[in-house]
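Let's go through this model together, one question at a time. Please have a look at the sequence and the structure first.

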Amino acid sequence: MPRKVDVVGRRAEIVEAAVRVFARKGYAASRIEDVAAEAGVAKGSVYLAVRSREELLTAAFDDYRARAQDQLAVTGSGPALDRLAELVRATVAMLAEHPDHARVLLDVWSARTPLDLAAVYAGYRAAIGDLLREAGAEGELRPGIGAGHAAVIVGAIEGCLVQWLADDTVRLADLAEPIVQVCVEGIRR
């Protein structure tokens with residue numbers, strides 16, 4: 001009797017292998033053959049899971065986007081600035097746990113692929129903007145803090161991410177608290 005292959009599981013393994021290859025070689029230099037070798041499968045098995053290298057990239061991006069959405073969906077109770085601090089910590093932890101995804105995102109970001117990175121950033125800005133409005137209504141913000149500060153907070157996280165990827169001496173996980181101190185405590189009344 002032939003072995004039954006877990007198609008969904010195999011596809012996930014191939015996508016994860018693609019992320020490792022894209023992170024190591026860069027998306028532009030990566031080939032389906034590289035992904036197959038990394039996954040330990042035949043090239044044809046990759047094509048059974050996806051139609052193209054672009055589809056692999058899209059699947060990897062969708063995986064990242066789902067994790068990002070999970071971070072934004074974590075709602076709690078308590079003061080908005082405390083929830084914002086937790087969102088910053090959770091986002092930094094998620095990025096630090098998946099360095100290959102972060103490298104691929106940076107590669108994709110600079111390559112101007114058709115992936116909608118702007119939507120991911122917009123989601124983070126909207127969630128942070130909502131928390132800032134709540135904090136303002138709670139009387140917890142310094143005067144002058146507004147929606148533009150959401151982009152600055154996202155930029156602080158992204159900037160630390162880029163430094164971590166570029167410099168082995170920078171540890172992203174260690175930067176969560178400094179980001180909170182500057183970007184959350186720094187705007188507190």
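Q: Where does Leu115 lie?
A: In this predicted model, helices are DSSP runs of H or I with at least four residues and strands are runs of E with at least two, numbered from the N terminus. Helix H6 covers residues 99–111, and helix H7 covers residues 117–137. Leu115 lies in the loop between H6 and H7.

Q: Is Leu115 buried or exposed?
A: A residue is called buried under 20% relative accessible area, exposed over 50% and partly exposed in between, using a 1.4 Å probe and protein chains only. The relative accessible area of Leu115 is 15%. Because that value falls under the 20% limit, Leu115 counts as buried.

Q: Which residues are in contact with Leu115, leaving aside its neighbours within four places in sequence?
A: Contact here means heavy atoms within 4.5 Å. Leu165 is 50 residues from Leu115 in sequence, and their C-alpha atoms are 21 Å apart in space. The contacts of Leu115 beyond its sequence neighbours are Leu57, Thr58, Phe61 and Val108.

Q: What pLDDT do local features need in this model?
A: Residues are numbered from 1 along each chain as its sequence is written, and side-chain values use heavy atoms, with hydrogens and water left out. The model is predicted, side-chain atom pairs count only at pLDDT 80 or more, totals for chains, interfaces and linings use all residues, and local features need a pLDDT of at least 70.

Q: How far apart are the end C-alpha atoms of helix H4?
A: The expected span of a helix is 1.5 Å times one less than its number of residues. Helix H4 holds 21 residues (53–73), so it should span 30 Å. Leu57 and Phe61 are among the buried residues of H4, and both touch Leu115. The end C-alpha atoms of H4 agree with the expectation, at a separation of 30 Å.

Q: Which residues does Thr91 contact, leaving aside its neighbours within four places in sequence?
A: Thr91 sits in helix H5, which covers residues 80–97. It is buried, because its relative accessible area is 4%. The contacts of Thr91 are Gln71, Tyr124 and Ile157.

Q: Why do the buried residues of H9 line one face of the helix?
A: Helix H9 runs over residues 176–183, with Ala176, Ile179, Val180 and Cys183 buried. The arc is that of the directions from the helix axis to the C-beta atoms. Seen down the axis, the buried residues of H9 line one face because they fall within an arc of 100°.

Q: How far apart are the C-alpha atoms of Glu134 and Ala80?
A: Glu134 belongs to helix H7 and is partly exposed, with a relative accessible area of 33%. Not counting residues up to four places away, Glu134 touches Ala80 and Arg83. Glu134 and Ala80 are 54 residues apart along the chain, yet their C-alpha atoms are separated by 5.9 Å.

Q: How many helices does the protein chain have?
A: From the N terminus on, the elements run α-α-α-α-α-α-α-α-α. The chain has 189 residues, and 41% of them count as buried. There are zero strands, and the helices come to nine.

Q: Among contacts between residues at least 6 apart in sequence, what share joins residues at least 24 apart?
A: The C-alpha trace spans about 65 × 35 × 30 Å along its principal axes. Thr91 and Ile157, for instance, are in contact. For the protein chain, the share is 71%.
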